[in-house]
Amino acid sequence: MTATDRARKLAIAAAEAASDKIAHDIVAYDVSDVFVITDAFVLASAPTDRQVRAIVDGIEERLVELGAKPARREGEQEGRWVLLDYLDIVVHVQHSEEREYYLLEKLWKDCPRIELPETVTGSRA
């Protein structure tokens, strides 16, 4: 099984929105073979709590344009690790320290990456 076209579209849009807010280390994984509850994970990070929140706001704005609203949102108040659950995709925006500590990439390293545009992966990836 692979991620649906909608999940891929949302993941790429979320990654682009994160990039627009100067997120770094942006990656997207097709986790559809591992999870039944979602098709894709998007990971992004930022060096400050304030920037984490700005990235989250940017992602939400972009995805609402595509008709998607998060079913669940966690961690927004602390701004250290915000999880946005869109059912088709789950977006993790982490403070750089949390990203280095939890190393989510290691958990999903066997899952295929979703190819992101060069504008997302270029200078900040």
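In H2, the buried residues (under 20% relative accessible area; exposed is over 50%, partly exposed in between; 1.4 Å probe, protein chains only) are Gln51, Val52, Ile55, Val56, Gly58, Ile59, Glu60 and Leu63. This is a predicted model: local features need pLDDT of at least 70, side-chain atom pairs count only at pLDDT 80 or more, and totals for chains, interfaces and linings use all residues. Residues are numbered from 1 along each chain as its sequence is written, and side-chain values use heavy atoms, without hydrogens or water.

Helices (H or I, at least four residues) and strands (E, at least two) are DSSP runs, numbered from the N terminus. H2 has 17 residues, 49-65. The expected span is 1.5 Å times one less than the number of residues. Just after H2, glycine 67 has a positive phi of about 85°.

Now the aromatic rings. Rings of Phe, Tyr and Trp (its six-membered ring) pair if their centres lie within 6.5 Å; planes under 30 degrees apart are stacked, over 60 edge-to-face, the rest tilted. The count is five aromatic pairs. One of them joins phenylalanine 35 and phenylalanine 41: tilted, 5.4 Å centre to centre, 45° between planes. Phenylalanine 35 is partly exposed at 25%, while phenylalanine 41 is buried at 8%. Phenylalanine 41 also pairs with tryptophan 108: the centres are 5.1 Å apart and the planes at 75°, so this pair is edge-to-face. The link spans 67 residues, from strand E2 (40-46) to the loop between helices H4 (104-107) and H5 (118-121). Tryptophan 108 is buried too, like phenylalanine 41. Phe35, Phe41 and Trp108 form one aromatic cluster.
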